[in-house]
Amino acid sequence: MTAIVYKMPKDRKYTTFEIDKKSGGKRTIKAPVAKLKKLQSHLSHVLYQCLSEIEKDRGAKPISFGFRRDRSIAENASRHKRRRWVLNLDLEDFFPSFNFGRVRGFFLKDKAFHLHPEVATTIAQIACDGTALPQGSPCSPVISELIAQILDMRLVRLAKKYSVTYTRYADDITFSTSQKEFPKGLAHVDANDPSIWHLSDELVGEITGSGFVINNTKIRMHFRGSRQMVTGLVVNEKVNIRSDYYRRARAMCDSLFQTGKYFTVTQPPAGEGEEPVPELIDSLSPLEGILGHIYTVTQSEERRSVQEQRQQPRAIRKLYRRFLFYKYFMALKAPLIVTEGKTDPIYLREAIQSRADSHPVLGVLGEDGFNHAVRYFNYEGLAHEIMDLGGGTGDLKSIPLDYLRNLRPSKEAHKPLLHKPMEHPVIIVLDNDEGLASVASTVKKNFGVSINLKSTSDFYNVTDNLYIVKTPENGSNGTCIEDLFPKEWRNYKVNGKKLNTASKIDPLKDLSKEAFAKSVVRPNADSIDFSKFDSLLGRISKAIEHYAAKP
């Protein structure tokens with residue numbers, strides 16, 4: 001830590017770049033180098049625990065919704081829906097306003113900390129770029145939240161005084177009420193221009209007295225009958241995204257699916273009399289962020305069960321699923337392995353690394369460590385839920401069905417994908433047991449490919465770049481991937497419990513597959529004999545080589 005904080009030159013601690021603001025202009029981002037980022041992440045983790053304890057002791061309802069894992073922009077907006085008046089204002093230069101002295105002084109003087117001067121100084125040196133909290137540091141958000149509590153407490157008292165609702169999302173402040181007139185103690189309309197509102201001296205005094213500056217160009221009053229917005233979301237009747245925002249996202253997706261590129265921002269005309277030119281990109285991350293935002297916001301008002309959402313999906317769910325299909329199955333950067341659940345990738349990663357010499361197509365040892373040549377479908381986050389992949393064998397039939405929906409003409413409203421690079425194969429790895437039947441029947445019915453417990457092909461090319469690989473057969477007996485571990489490791493006990501591969505287990509006696517993967521396989525990978533995995537890894541390798549040899 002000492003070398004990073006005190007010896008590393010300031011100009012080498014951060015990489016500085018700019019990104020476009022939604023409202024126009026540029027935002028400066030300072031990304032810390034890896035070692036500093038790791039240190040700041042540790043500090044952030046500790047400070048978030050402190051913030052949680054402080055708020056728990058206070059026992060009040062949350063009023064700040066930014067930079068929190070358990071709170072969202074939609075939850076912030078929901079506090080202000082169906083109101084007569086909604087007042088929004090922004091704080092100017094939010095992160096830069098937390099300068100070095102302010103950060104150090106907070107940890108010195110705040111009654112929840114009262115740290116030793118050297119400790120407070122060290123925290124400020126880790127967190128600040130020499131001048132202030134940089135936008136891009138892992139610990140800037142939590143420190144800004146800790147210091148802004150002073151502002152929140154003052155504005156909560158002011159809100160109670162005038163019987164209005166107050167919330168804050170980072171630098172966005174909102175007051176709302178259904179009173180007949182908006183309290184003049186907070187803001188009043190301009191005498192000459194009814195579209196302009198002025199904040200009261202009392203409100204301005206509380207904000208500036210807390211060490212912040214108001215952005216006077218972003219004071220907005222929304223009244224009932226107009227479109228009321230809170231942090232970019234509509235709150236007139238329910239929390240929702242703007243209709244034009246969704247239409248733009250849909251147009252971006254249509255362009256991506258047909259051409260492989262979509263527009264983001266519009267560049268100014270090259271010359272006088274010429275039209276603005278949209279900037280086309282093929283990076284999927286920005287568009288995925290937009291779709292995830294739309295889905296999360298609209299989902300916040302959703303009252304239907306998961307089963308109902310699957311049976312009658314809303315338009316955004318269909319669009320998001322189509323995008324995820326394109327991302328995971330069309331625009332692959334490496335072969336993708338889809339397993340029956342979360343634990344199988346742990347087995348396969350360790351087996352591939354252990355048996356690399358026998359299966360070089362799956363990964364090789366390089367100067368910077370082992371380089372895996374395949375990727376795995378991530379069962380974390382939204383993707384598996386949107387794509388109806390719950391982690392069981394039966395759900396995997398949705399993948400071949402998605403190939404039908406997206407690549408074949410159908411009665412559904414959307415057109416087949418025209419841009420389908422498919423540079424690499426998608427390989428579904430299945431246990432050769434009774435659970436195979438659901439996927440096998442779907443594949444047989446729609447693609448004419450026969451798979452059963454006794455079939456012995458190394459792989460099955462279902463359609464296009466989609467393959468299925470089974471665990472090696474054992475006559476008429478079913479097999480599962482755990483069978484490939486030596487018996488002594490399958491019987492290995494953790495706190496008196498050993499692996500049980502059944503769907504229902506006794507947690508007091510049995511070790512789940514997840515616990516087996518994380519508590520037995522991963523920590524003991526160097527000692528486990530993975531040679532029985534060769535047959536399965538060989539089949540995966542052959543599927544990859546088969547697809548590479550296709551015209």
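S455 lies in the loop between α15 and β18 of this predicted model. S455 counts as buried because its relative accessibility is 14%, below the 20% limit that is applied to buried residues. Leaving out residues up to four places away in sequence, S455 touches Y460, K470 and E473. With Y460 there is also a polar contact, formed between the side chains of S455 and Y460 at 2.8 Å. K470 is 15 residues from S455 in sequence, and the C-alpha atoms of the two residues are 9.5 Å apart in space.

How do β17 and β19 run relative to each other, parallel or antiparallel? Strand β17 (residues 426–430) and strand β19 (residues 466–470) run parallel and are joined by five bridges. Within this pair, I428 has I468 of β19 as its bridge partner. On the other hand, β18 and β19 pair in the antiparallel sense, over three bridges. T463 is bridged to L466 in β19. The strands β18 and β19 form a hairpin with two residues between them, and D464 in the turn has a positive phi of about 45°.

Seven of the 10 residues of α14 are buried, so that the helix is mostly covered. The buried residues are S398, I399, P400, D402, Y403, N406 and L407. Their packing partners are α11 (315–330), β13, β17, α15, β18 and β19.

The packing of α14 with helix α15 (residues 436–447) has an angle of about 25°, and the axes are 9 Å apart. The two helices are therefore roughly parallel to each other. In their contact, P400, L401 and L404 of α14 meet T442, V443, N446 and F447 of α15. The residues of this contact divide into five nonpolar, two polar and no charged.

**The four-stranded sheet**

A further open sheet consists of four strands in the order β4-β5-β3-β8, with antiparallel pairing. Its edge strands are β4 (165–169) and β8 (214–223), each pairing on one side only. Direction ignored, neighbouring strands of this sheet are turned by 15° against each other on average.

Strand β3 (residues 85–91) runs antiparallel to β8, and six bridges join the two. N88 stands opposite R220 in β8. The pair β4 and β5 is likewise antiparallel, with five bridges, and R168 stands opposite I173 in β5. A hairpin is formed by β4 and β5, with two residues between the strands; A170 in the turn has a positive phi of about 60°.

Two helices lie across strands of this sheet. Helix α6 (residues 140–161) lies across β3, β4 and β5 (172–177), running at about 165° to β4. Helix α7 (residues 201–209) lies across β3, β5 and β8, running at about 35° to β3.

| Strand pair | Sense | Bridges |
|---|---|---|
| β17 and β19 | parallel | five |
| β18 and β19 | antiparallel | three |
| β3 and β8 | antiparallel | six |
| β4 and β5 | antiparallel | five |

Such strands pair through backbone hydrogen bonds, either parallel or antiparallel.

Where is R68 placed? R68 is found in the loop between α2 (34–58) and α3 (73–78). Is R68 buried or exposed? R68 is buried, because its relative accessible area of 11% falls under the 20% limit. Neighbours within four places in sequence left aside, R68 is in contact with Y48, L51, E55 and E145. The side chain of R68 makes a polar contact with the side chain of E145, at 2.8 Å.

Definitions and conventions. Residues are numbered from 1 along each chain as its sequence is written. This is a predicted model: local features need pLDDT of at least 70, side-chain atom pairs count only at pLDDT 80 or more; totals for chains, interfaces and linings use all residues. Side-chain values use heavy atoms; hydrogens and water are left out. Two strands pair if DSSP finds at least two bridges between them. Axes are lines fitted to C-alpha atoms, for helices over the stretch in contact, and angles run from 0 to 180 degrees between N-to-C directions. Contact means heavy atoms within 4.5 Å. Angles under 35 degrees count as roughly parallel, over 145 as roughly antiparallel, 65 to 115 as roughly perpendicular and the rest as oblique. Ala, Val, Leu, Ile, Met, Phe, Trp, Tyr, Cys and Pro count as nonpolar, Asp, Glu, Lys and Arg as charged, and the others, Gly among them, as polar. Buried means under 20% relative accessible area, exposed over 50%, partly exposed in between (1.4 Å probe, protein chains only). A polar contact is a pair of N or O atoms within 3.5 Å; within protein, one must be able to donate a hydrogen and the other to accept it, and residues adjacent in sequence count only if both atoms are side-chain atoms.
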